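Welcome! Take a moment to look over the sequence and the structure below, and then we will walk through them together.

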There are 2 protein chains.
Amino acid sequence: MNGKGVVASGLYLKARIIPIPKSISPEAQAALAVGRVERPPSPPATDKAAWRAHIAATNAGFLAMKKAAPPPPARSTLTEIGKVPVYVGEPDTLPPANRDKALIHFHGGALVLLGGEPVRYFAADEAAAMHGKVFAVDYRNPPDHPYPAALDDGVAVYRELLKTYPAHKIAISGVSGGGNLAAAMVLKSRDLGLPLPAAVGLFSPEVDLTESGDSFQTNHDIDTVLHGSLADSNALYADGHDLADPYVSPLFGDFAKGFPPTFVQSGTRDLFLSNSVRIHRRLRDAGIDAELHVWEALPHAFFGGAPEDRELHVEFRRFLARVAGWAKP
Amino acid sequence: MNGKGVVASGLYLKARIIPIPKSISPEAQAALAVGRVERPPSPPATDKAAWRAHIAATNAGFLAMKKAAPPPPARSTLTEIGKVPVYVGEPDTLPPANRDKALIHFHGGALVLLGGEPVRYFAADEAAAMHGKVFAVDYRNPPDHPYPAALDDGVAVYRELLKTYPAHKIAISGVSGGGNLAAAMVLKSRDLGLPLPAAVGLFSPEVDLTESGDSFQTNHDIDTVLHGSLADSNALYADGHDLADPYVSPLFGDFAKGFPPTFVQSGTRDLFLSNSVRIHRRLRDAGIDAELHVWEALPHAFFGGAPEDRELHVEFRRFLARVAGWAKP
């Protein structure tokens, strides 16, 4: 190492302790104080039975947590749209301006986890947060249904909804792995000649399965929610397809061919911070109306129940009001 | 330490090596490959003679570098406005829409360094980059002129320029310590009852001299330009005033009382990343039109001569075109 911290493979960093900052809400501080979320190791990609058990255990844990929590002011109903199961979330109070609007939502879970019954909860949560009607797609997952099953499901739901909603009344959003699908299905729908939706929301989006961004290194182990690489589940999802294909990693899409106004969110501790700032820059460089919003000290996705999370919902509703005619927050 | 990485004082991080990412331009990769910029230690706050020598040596080094570099397509002329020395930068080619516009600019240098002759170069660089007429304020610095001298200089220049330019033709920008002054002088001008300028640009701004943001920890030693705390120069600047006073740390200002549309910039490796995302959030929460732009793997301020830097200039000109009637890039 030279005097400038440089070693052959990069910049050397000493061991350190990162304090919990006072610059965030007490609720957010409490979330960080828990430390790194403990996760069982991923099974080998070839062991499908082990993956099914891993997914079932994760989903059961999520459901137990949600069943113990107070329900949001919204209901959630399972239906089928374009032959894809979709949970329709409707808030108890729907502002008049939002009555003719639809939000197609793709849940998080690294493209592998949290399908099925958990989506019932995501639909209700999103409907309550967004004050709008939410179509939460229960897209298919690996190991039994790898790429392009989930992407095809997203396009099928959009294509079917276009029969009852004009494109300019439809917005698309996704969190984490769902942010991948939200961006990829808009790219694919555009390439298929379908009309563009009114708006897109990408929340801490997993838009680069090659994990080429700098924050995969700089925020490694600093992000307490996603500590490090998701290469195992990414390989399971891609199932041998090129990880850099724009439908697999929409960061590498050609946005200059047309893309809707897009809201991009992240946090300074987010493992996917680079995903967010890079797709924002690519959209801007292509001349797309795109907003970037980054929250202080936030790891991947959300703190959970903190004022910062509510602020995010207000900000996205403000965006939908500006670009897509939704009710003003 | 428990299994979640938690120790009494925070989150424990092992020693690590951060590679140079492939997700940025070759020029930006080369800038990161240099490693941490070596800086002499700051003198004690009470040793004014040592500070004067430290400042003189830094400024001489900067001037030697600039004199060796090819000049930008702009000229720079020293004048006096409101009894304050100002270098007026004018680009060789001034687009018609920008002929009646003025950009008041505050240079970087931690509020202490790079005053005097270096400002001649900043004025020309900014004029060339922004395609507009730039009034680069050679504001006074400690140790001889601590707070509020620089802030008073900024307000004096603005007040005087208002005699020849209407407020809606004036924009204000600043880099690093200059971003502090840009934000603080707009807050103070507003409080004095002066009209608001058309737009503000804050580049990797040092808006929080208390250094309460999380990136002062997470990007410590990752930012190769500013490795760590600037507490020494901050104390020299504040000269006993409360570091949390909104005129000293404009992050803590009340933006709901009115603030112009604001462009905020940072990088994912920036020590001041938290400064940028926090002031963006405060502006948005106050209902202000504010854009956030964060560059991948960028340390404090700019790479220097990289495509990313040119992209930033285009983005700020696009912002000024949208909110202040400047020529479209």
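Which residue stands opposite Phe135(A) in β7(A)? The residue is Ile104(A). Keep in mind as you read on that this is a predicted model.

With β6(A) it is joined by 3 bridges, and the two strands run parallel; here Ile104(A) is the residue opposite Phe135(A). With β5(A) the link is made by 4 bridges, and these two strands run antiparallel. Across from Ala136(A) in β7(A) you will find Tyr87(A).

## A helix and what covers it

Next, find helix α4 of chain A, at residues 149-161. This helix has 13 residues, and from its first C-alpha to its last it reaches 18 Å, close to the 18 Å expected at 1.5 Å a residue.

Which residues of α4(A) are buried? They are Ala150(A), Leu151(A), Asp153(A), Gly154(A), Val155(A), Val157(A) and Tyr158(A). The cover over these buried residues includes the strands β4 (74-81), β5 (84-91), β6 (102-106) and β7 (134-137) of chain A, together with the helix α5 (177-191).

## Chain A as a whole

Stepping back, chain A has 9 helices and 11 strands. Its radius of gyration is 19 Å, close to the 20 Å that the globule rule gives for 329 residues, so chain A is as compact as a globular protein of that length. Along its principal axes, the C-alpha trace spans about 65 × 45 × 45 Å.

Of the 329 residues in chain A, 53% count as buried. Among the contacts in chain A with a separation of 6 or more, 77% come from residues 24 or more positions apart.

## The sheet of chain B

Now turn to chain B. Here 8 strands form an open sheet with mixed pairing, in the order β4-β5-β7-β6-β8-β9-β10-β11. The edge strands, β4 (74-81) and β11 of chain B, each pair on one side only. On average, neighbouring strands of this sheet are turned by 20° against each other, direction ignored.

One residue to look for is Phe263(B), whose bridge partner in β11(B) is Glu291(B). Helix α9(B) lies across β8 (170-175), β9 (199-203), β10 and β11 of chain B, and runs at about 160° to β9(B).

## Where the two chains meet

How many residues of chain B are in contact with chain A? There are 49, and they touch 49 residues of chain A. On the chain B side, at least two residues each are supplied by β1 (6-7), β2 (10-13), β3 (16-18), α6 (215-218), α8 (273-285), β11 (290-295) and α9 (307-324). The largest share, 6 residues, comes from α8(B). By class, the side of chain B that touches chain A has 19 nonpolar, 15 polar and 15 charged residues.

The chains also pair strand to strand. Strand β3 (residues 16-18) of chain A pairs with β2(B) in the antiparallel sense, over 3 bridges. To see this pairing for yourself, look for Ile18(A), whose bridge partner in β2(B) is Leu11(B).

Note on methods. Residues numbered from 1 in each chain as written. Chains lettered and ligands numbered in written order. Predicted model: local features only at pLDDT ≥ 70, side-chain atom pairs only at ≥ 80, totals over all residues. Contact = placed C-beta atoms within 7 Å. Nonpolar A, V, L, I, M, F, W, Y, C, P; charged D, E, K, R; others polar. Pairing = 2+ DSSP bridges. Expected span 1.5 Å × (residues − 1). Buried ≥ 20, exposed ≤ 12 C-beta atoms within 10 Å, placed from the backbone. Rg over C-alpha atoms; globule rule 2.2 N^0.38 Å. Axes fitted to C-alpha atoms, helices over the stretch in contact; angles between N-to-C directions.
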